[in-house]
Amino acid sequence: MANGSTIDALGQFELHPILGSVGETLRLSQSPVFMLISVLLVLAFLYFGMRPAAVVPDRLQAAAEMSYEFIRDLAVGTIGEKGTVFFPFVFALFFFILTGNYLGLLPYSFTFTSHIAVTLAMALTVFIMAILASLRYQGIGFLKHFMPEGAPIALAPILIPIEILSYLSRPISLSIRLFANMVAGHVLLEVFASFTIMLAGLGVAGHILAVAPIVINIALMALELLVGLLQAYVFAILTCIYLREAVAH
């Protein structure tokens, strides 16, 4: 936020103890608290949405059913018939990220998906699950994918290290994409919000000039809603693609 004539756009990402002395004792920061809130919101959405089980659903039930069908189609359509096995994982991952992205847009909240430690942990979970699925469905034979089919065997010393590096880079690219998008969006929101406050302190002329950053911030907020959804979708679809490769023979 604006502090005099300076803008602290990165201060919003700092972790510090919350909930007073309890947080100090437990060293409880905003990140795990908002993760827990995200999980509870998703569970509440599903519970209260599906509880009526009405033939003619109300809006909440319709939204819950559409969410279920959307992620199920994504998992099964991308992974194949074995996608039903991984559907709960993809569903939980998508809504955990989506809720985290949207919670961060609320005042006095915290965007845990803007921390590389969180996104890297999720990406490593996907990476390890893909390796375990590869061993489960293909056995040691999944290693043959590191040698492109049809390539001359003489190129193996070059191609295999490249393929291994490409494979190992997956959790890095997956985590940085989400982390970078969330950080960039929130920094822009903070910068233009700070412009508004700074201009408002310049009197009548400042009040008029402050309209511009307000309009930009409204547009950025709409963009962040779209980016938050797209990033959750990209994370989920890439997870499905990695799992499809893992279960394919």
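How much space lies in the largest pocket? The structure is a predicted model.

**Figure 1. The largest pocket and the residues closest to its centre.** About 650 Å³ of space lies in this pocket. Its lining is made up of 22 residues, and those closest to the centre are Gln12, Leu106, Pro107, Tyr108 and Glu190.

**Figure 2. Helices in the lining of the largest pocket.** Three helices each give at least two residues to this lining: helix 2 (30-50), helix 7 (170-200) and helix 9 (211-247). Helix 7 has the largest share, with four residues. Sorted by class, the lining residues of the largest pocket are 12 nonpolar, nine polar and one charged.

**Figure 3. The second largest pocket.** The space in this pocket is about 220 Å³. Its lining has 13 residues; His145, Phe146, Tyr167, Arg170 and Glu245 are the ones nearest the centre. Two or more lining residues come from each of helix 5 (116-138), helix 6 (156-168) and helix 9. Six residues of this lining are nonpolar, four are polar and three are charged.

**Figure 4. Helix 5 packed against helix 9.** Two packed helices are described by the angle between their axes and the distance between the axes. For helix 5 and helix 9, the angle is about 20° and the axes are 7 Å apart. Angles under 35 degrees count as roughly parallel, so helix 5 and helix 9 are roughly parallel to each other. Their crossing is right-handed.

**Figure 5. Residues where helix 5 meets helix 9.** On the side of helix 5, the residues in this contact are Thr119, Met122, Ala123, Val126, Met129, Ala130, Ala133, Ser134, Tyr137 and Gln138. On the side of helix 9, they are Phe235, Thr239, Tyr242, Leu243, Glu245, Ala246 and Val247. The contact of helix 5 with helix 9 holds 12 nonpolar, four polar and one charged residues. Glu245 in helix 9, which takes part in this contact, is also one of the residues nearest the centre of the second largest pocket.

**Figure 6. Helix 4 packed against helix 9.** Helix 4 covers residues 83-103, and its axis comes within 9 Å of the axis of helix 9. The two axes cross at roughly 160°. Angles over 145 degrees count as roughly antiparallel, so helix 4 and helix 9 are roughly antiparallel to each other. Helix 4 and helix 9 make a right-handed crossing. By class, their contact has 17 nonpolar, four polar and one charged residues.

Terms used
Residues are numbered from 1 along each chain as its sequence is written. This is a predicted model: local features need pLDDT of at least 70, side-chain atom pairs count only at pLDDT 80 or more; totals for chains, interfaces and linings use all residues. Side-chain values use heavy atoms; hydrogens and water are left out. On a 1 Å grid over the protein atoms alone, a cavity is a set of points where a 1.4 Å probe fits but cannot get out, and a pocket is an open set with protein on both sides within 12 Å along at least five of seven lines; lining residues have an atom within 4 Å of a point. Grid points are joined across faces, edges and corners, and a volume is the space filled by probe spheres set on the points. Ala, Val, Leu, Ile, Met, Phe, Trp, Tyr, Cys and Pro count as nonpolar, Asp, Glu, Lys and Arg as charged, and the others, Gly among them, as polar. Axes are lines fitted to C-alpha atoms, for helices over the stretch in contact, and angles run from 0 to 180 degrees between N-to-C directions. Angles under 35 degrees count as roughly parallel, over 145 as roughly antiparallel, 65 to 115 as roughly perpendicular and the rest as oblique. A crossing is left-handed if the near helix is turned anticlockwise from the far one by less than a right angle, and right-handed if clockwise. Contact means heavy atoms within 4.5 Å.
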